[in-house]
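Me: Hi! I'm new to this one and would like a friendly tour. Could you show it to me before we start?

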Amino acid sequence: MNNFNISVENSNTFPNLDILTIARDNKHALNSPCGGNGTCGKCKVKVVSGREHIEAVNFGPLSKDEIAEGFILACKSKIIPSLPSHPPHPSNSPIEILIPSPTTNLATIPYTENETSEKFETLKKIEPLTKTLFIDVLPPEVGDSQSDIDRLTSRIQKEVGLKKIVYPLSIIQKVATTLRLQDGKVTLRFYENEDEAIHVISIEDGDTSKINFGLAIDIGTTTVAVQLIDLNTKETFTSSSYNQQIECGLDVISRINYAKNPERLQELREKILKTINQLIKNITDTTATINTNNQNISCAVISGNTTMIHLLLALNPEYLRLEPYVPTVYQLPILNAATVGLEINAESPIYFSPAVGSYVGGDITAGVLCTDIVNDADADADEIKLFIDIGTNGEIVAGNKDFLITCACSAGPAFEGGGIKCGMIAINGAIERVEIDTTTAKPTYFTIGNVEAKGICGSGMISLIANLYTSGWLDAGGKLSRSKKSPYININQNGRSAHFILTDSITISEVDIENIIRAKAAIYSALTLLIEQMEITFSEISKVYIAGGFGRSLDIEKGIILGMIPDIAREKYSYIGNSSLQGSAMILLSKEMREKQKKLTNKMTYIDLSSMPSYMNHYSAALFLPHTNFDLFPSLKRNN
């Protein structure tokens, strides 16, 4: 725990500010997963002294005992100002607030790995977003009035054709000195924009053409992944961690609510930039031996849902949640790194994957590139296929070469470890699979990396819940058994709640289980509605691509038992992992993929589930294991 003091004499400096904002402004970390709505209780603090100077608007989920002990909600409590228009304070006791230590610090779990370039073998031609060019520029001569820029331009055009060459001021400032360091031998990094002009982003003396790196960045609501790619060798290095915005809200709606004023919007922008830039530093520190540093990173592709991109660029997200749900922009122009806030070469072009709706963003238009949903050359081009990206939001794309329709639902962060007491992302130490003894309910668990268990990830939760259900220790409503006794099931004294014991420090509550069931119900009901719109059945789907941060370790059979995905032939399912990150990498390396993405985006028809009355009916029906209509899951044995 740590103490936080507020001067009574200076209380008038906090007009209309809640204690949550004051604490954060003074560098005290407080989580507020509900976005400051007073519903989660995570920002509770204890008033040690000066309670008479604090106005608590409401206490949300705090118990009577907690309130009696002096706990308040920081997001719903304000300092009573000492102004002439107000009665004087009854005392001058200082305000001292005790901030409880968080159970987990979601923003500080990094993970870095080296990968091969096998996934890029399908690319027909490598044409990265930025290229390098080593040239020899002739020195100036007496009687020749050409400027350094004129001679440089002529030499570049000799290599690339008579295209317009664009130089930012930062490059113009370096040209004279750089051209004279090695007798005109220089390396340029440049990109070609839609205007077909050559935009120079760096100039260096000598031949450094073999040093050129780019970034693929997936901004998820819960997790962020950054991949460094050698644009010459295609070798990749990936680092991921929680999105530090989690402190201000677990889902997009709570973060939109949190960003209710320019200061808070800027705070969210700073948090995501801090997350990304720290991941970039993690990678460059790890790969320093191969000449990686921030200045050698010459481009980036960013993909994320529409809300995350708005928050990254401090675009007002308010209207994403208000009918008719219109974003500021679907397709952003190429911006430079300095404008975006990335700590790499300042002039590096930043390409943003385009969105198609307020809740179907660039992470999906990038992800679809990892599938063959649209491939006119395939024999099965007419067959309908599904793409499902399961994360904090569940996005779905269905179609074939002739049409594409898409929708999104709010699954919540449970599949990525958020909102689960002992939850974590799928990295080393996360429990990813759990087997349950039918007789005793004793768990046998397996962790990623075969190391000591640190928590449980989404796939682990699905495995646990499915096996508890099939072994009879969990009922269809998500309640742990009260009739059969097990040392691994702890029932509280009044019998109203229970939790399952995995290890001495890792337990799963019925609230955790309920969060997963709600998340799976959102996915399945969205799938059902989309299938209805196409007037087909699940059996007519030829292939289903499962994407998302936890998709690589999702057990399809367990997902069906849970009622998250349809009960169809298992061979129709295919894992593609973090397709947003993979698609971003392909866009970074291939002009063909950049063009294909734009074509697919223009082809997608977005369906707003909130405008479909039947969606909530489907959702309610899916809030059971596997479903209220057991006939939808014919391959499963009914668990009585």
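This is a predicted model: local features need pLDDT of at least 70, side-chain atom pairs count only at pLDDT 80 or more; totals for chains, interfaces and linings use all residues.

Me: How many cavities of 30 Å³ or more does the structure hold?

Reply: There are two cavities of 30 Å³ or more.

Me: What about the second largest cavity, how much space lies in it?

Reply: About 90 Å³. Of the 14 residues lining the second largest cavity, I309, V329, Y330, S353 and A355 are the closest to its centre. Helix α7 (residues 306–312) provides the largest share of this lining, three residues. By class, the second largest cavity is lined by eight nonpolar and six polar residues, with no charged residues.

Me: Changing topic: how many aromatic pairs are there?

Reply: The structure holds three aromatic pairs. In one of them, Y524 and F633 have ring centres 5.4 Å apart and planes at 35°, so the pair counts as tilted. This pair links distant parts of the chain, with Y524 in helix α11 (residues 510–534) and F633 in the segment after α15 (614–621), 109 residues apart.

Me: Are Y524 and F633 buried or exposed?

Reply: Y524 is buried, at 2% relative accessibility, and F633 is buried too, at 0%. Ring pairs also join Y524, F538 and F633 into a cluster.

Me: Which pair is stacked?

Reply: Y615 and Y619 form a stacked pair, 6.5 Å centre to centre with 25° between the planes. They are four residues apart in helix α15, so about one helical turn separates them. Y615 is buried, with a relative accessible area of 11%, and Y619 is buried at 15%.

Me: Where do I find a charged end over a ring?

Reply: Look at K44, whose charged end sits over the ring of F71, 4.9 Å from its centre. K484 is another to look at: this lysine lies over the face of W473, 4.1 Å from the ring centre.

Me: Why is helix α13 described as largely enclosed?

Reply: Because 10 of the 11 residues of α13 (residues 579–589) are buried, the rest of the structure largely encloses the helix. Among the buried residues of α13 are L581, G583, M586 and L589.

Me: Last topic, sheets. What is the strand order in the open sheet of four strands?

Reply: The order is β8-β10-β11-β9, and the pairing is mixed.

Me: Which strands stand at the edges?

Reply: β8 (131–136) and β9 (165–166) do; each has a single partner strand, so one side of each is left without a neighbour in the sheet.

Me: How does β9 pair with β11?

Reply: β9 and strand β11 (residues 198–205) pair in the parallel sense over two bridges.

How values were computed. Residues are numbered from 1 along each chain as its sequence is written. Side-chain values use heavy atoms; hydrogens and water are left out. Rings of Phe, Tyr and Trp (its six-membered ring) pair if their centres lie within 6.5 Å; planes under 30 degrees apart count as stacked, over 60 as edge-to-face and the rest as tilted. Buried means under 20% relative accessible area, exposed over 50%, partly exposed in between (1.4 Å probe, protein chains only). A charge sits over a ring if NZ of Lys or CZ of Arg is within 6 Å of the ring centre and within 35 degrees of the ring normal. On a 1 Å grid over the protein atoms alone, a cavity is a set of points where a 1.4 Å probe fits but cannot get out, and a pocket is an open set with protein on both sides within 12 Å along at least five of seven lines; lining residues have an atom within 4 Å of a point. Grid points are joined across faces, edges and corners, and a volume is the space filled by probe spheres set on the points. Ala, Val, Leu, Ile, Met, Phe, Trp, Tyr, Cys and Pro count as nonpolar, Asp, Glu, Lys and Arg as charged, and the others, Gly among them, as polar. Two strands pair if DSSP finds at least two bridges between them.
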